[in-house]
Amino acid sequence: MRVDGTLAILDRWGRAALPGTVLLFFVLLTLAPLRAPYLSDTLPLLPVLVVFQFSLAAPERLPGPLLLAMGILLDLLLGGPGAPVGVSALGFVLVRAAVMSNRRYLVGVPFLFQWAGFCILCWGFVALVWAFTTLWTWALIDPVPAILQYVVVVVIYPLIAPLLARVRARDPLNVPELSRGSARPGETTP
Amino acid sequence: MAIRDDFEVVASQVRTVVQRFALGLLVIAAFGAMLVGKADTVLVEHARVLALDVVSPVLEAIARPVAYANRAIADLREFASLREENARLREENARLLAWQTAARRLENENEGLRSLARFREGPEASFITARLVGDSVSAYMRGALLNVGRRVGVAPGQAVVTGEGLAGRIAEVGENSSRVLFVTDVNSRLPVLVERTRERAILAGDNSPRLRLTLLPSIAGVQTGDRIITSGHGGSFPVGIPVGEVVETSDGSVRVRPFTDFSRLEFVRVVDYGVTGLVGTGAAAPAPATPPGGTAVRSR
């Protein structure tokens, strides 16, 4: 049931805009001059965490074209001379697609499973960006900093993910089709 | 009526197709962006600069509280070691005073000799002070964003210095923002001199905290502790800005530690030396052939 009234409308708008705003904030945070050792090196990977977590919790509020735009913005802001523009966008879109097609293994399962899923998908993202940057600049880039980034972001995942997971719709019976796990009662996974 | 029904049928079919191939379309769009970036570097450069200009006020708002917090933490840490620090500084002060005397004497002597030899000075350098509003550090890039741009006279290729020494050079310039590429970046090539022997070399970054000295005529002449300064070749950098000191000379490779502490940069100065023409516009249009000892980025 939809309730009309200024507050209700504001509430709906706020809910719809929240994931995109949080993602934009994390993209900007990537450039913030934090001086914390290790943490500041991993900032570029935090948007991946946001994309993963929101694709789990509220994919209908984080549509693909928005991810494309955010990825290109991230590449424009971060990239140096010669770095490919759009590789993060490609990564974001693929992470979302991977989460969407594996919902039955990721939604409504213990936290450890989600963490493992993030480990796998984030590894794919890092490998993709590294491979494309290497191809694009046609120079062998030392993969160790990228791997360090990956390790740190995987380690801090349990700190940030539960916070982001709170954007889920309040009533579990009333969630939109997209946000539900695809497993049906009584169904067993092959 | 029939036409309208047909239209609706077609529209719904299109919608189904778009939904079914949404992922494919997005992937193609991402590849398209990459290809455009490869084909039209100038367009991408404009987009970068625009994005920087839009974002830099926001970043500045974020950067201030972060800077205060960092300073507070640094203050606390220094408070703990105040006594030793004082003793060390007193010692250093005594040593520096001796150097000052020597420098004064040499300056006078130098002036005298110059007037005797009718030596013509190079162009006078002026400085633009800037605040670091953003880091541009990732696994593939070492740089930062500054809150000054074309409006106050910043141009690509200008040197960026701190109190300790050279930090990098300006790579991209917007109206009110610019991006500096640190000397530690993998794209950075800097013509330098070994101060003691006056030998020319190229100082190259590789994204690690240490720099590599390459194209040196003879490695044997370099010792640990030698200071490395800019040579001024390429035109846009003043001569003699300290860059770093040699910390390691082993089988064919010389490693240099930069004087600038990149982890705690807050304010920098952009050196406007008057001549930037020789280097071109940096990343936007890399020179097809790198000028001898130039600082242009790797040509593509």
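This is a predicted model: local features need pLDDT of at least 70, side-chain atom pairs count only at pLDDT 80 or more; totals for chains, interfaces and linings use all residues.
When contacts in chain B between residues at least 6 apart in sequence are considered, 56% of them join residues at least 24 apart.

One group of strands in chain B closes into a barrel of six, in the order β1-β2-β5-β4-β3-β12, and the pairing within this barrel is antiparallel. Neighbouring strands of this sheet are turned by 45 degrees against each other on average, when direction is ignored. Helix α3 of chain B, which spans residues 41-80, packs on the sheet and touches β1, β2, β4 (166-173) and β5 (178-182) of chain B, while the direction of the helix makes about 80 degrees with that of β1(B).

The axes of α3(B) and of helix α2 (residues 22-39) of chain B come within 5 Å and cross at roughly 110 degrees. Because angles of 65 to 115 degrees count as roughly perpendicular, α2(B) is described as roughly perpendicular to α3(B). On the side of α2(B), the contact is made by Val36(B), Gly37(B), Lys38(B) and Ala39(B), and these residues meet Thr41(B), Leu43(B) and Val44(B) of α3(B). Sorted by class, the residues in the contact of α2(B) with α3(B) are four nonpolar, two polar and one charged.

A closed barrel of six strands is also formed by β6-β7-β8-β11-β10-β9 of chain B, with antiparallel pairing. For this sheet, neighbouring strands are turned by 45 degrees against each other on average, again with direction ignored. Strand β7 (residues 199-204) of chain B is joined by three bridges to strand β8 (residues 211-214) of chain B, and the two strands run antiparallel; here the bridge partner of Ile202(B) is Thr214(B) in β8(B). Strand β8(B) is in turn joined by three bridges to strand β11 (residues 253-258) of chain B, which runs antiparallel to β8(B), and in this pairing Leu213(B) stands opposite Val254(B) in β11(B). Strand β10 (residues 242-250) of chain B pairs with β11(B) in the antiparallel sense over six bridges, and Val246(B) has Val256(B) in β11(B) as its bridge partner.

The backbone of this region includes residues with positive phi values. In the hairpin of β10(B) and β11(B), where two residues lie between the strands, Gly252(B) takes a positive phi near 85 degrees. Most residues other than glycine have a negative phi. Against this background, Arg198(B) deserves mention, as its phi is near 60 degrees, a positive value in a residue other than glycine. Arg198(B) is placed in the loop between β6 (189-194) and β7 of chain B.

The loop between β8 and β9 (227-230) of chain B contains Gln223(B). With a relative accessible area of 44%, Gln223(B) is partly exposed, because a residue is called buried under 20% and exposed over 50%, with the partly exposed class in between. If residues up to four places away in sequence are not counted, Gln223(B) touches Arg196(B) and Val246(B), of which Val246(B) is the bridge partner of Val256(B) described above. The C-alpha atoms of Gln223(B) and Glu248(B) are separated by 8.2 Å, and these two residues lie 25 residues apart along the chain.

Chain A, in turn, has eight helices and zero strands, and from the N terminus on its elements run α-α-α-α-α-α-α-α. Of the 190 residues of chain A, 48% count as buried. The accessible surface of chain A comes to about 9400 Å², and 72% of this area belongs to carbon and sulfur atoms. Among the contacts in chain A with a separation of 6 or more, residues 24 or more positions apart account for 76%.

Note on methods:
Residues are numbered from 1 along each chain as its sequence is written. Chains are lettered from A and ligands numbered from 1 in the order in which they are written. Side-chain values use heavy atoms; hydrogens and water are left out. Two strands pair if DSSP finds at least two bridges between them. Helices (H or I, at least four residues) and strands (E, at least two) are DSSP runs, numbered from the N terminus. Axes are lines fitted to C-alpha atoms, for helices over the stretch in contact, and angles run from 0 to 180 degrees between N-to-C directions. Contact means heavy atoms within 4.5 Å. Angles under 35 degrees count as roughly parallel, over 145 as roughly antiparallel, 65 to 115 as roughly perpendicular and the rest as oblique. Ala, Val, Leu, Ile, Met, Phe, Trp, Tyr, Cys and Pro count as nonpolar, Asp, Glu, Lys and Arg as charged, and the others, Gly among them, as polar. Buried means under 20% relative accessible area, exposed over 50%, partly exposed in between (1.4 Å probe, protein chains only). Accessible areas come from the Shrake-Rupley method with a 1.4 Å probe; for residues, only the protein chains shown count as cover.
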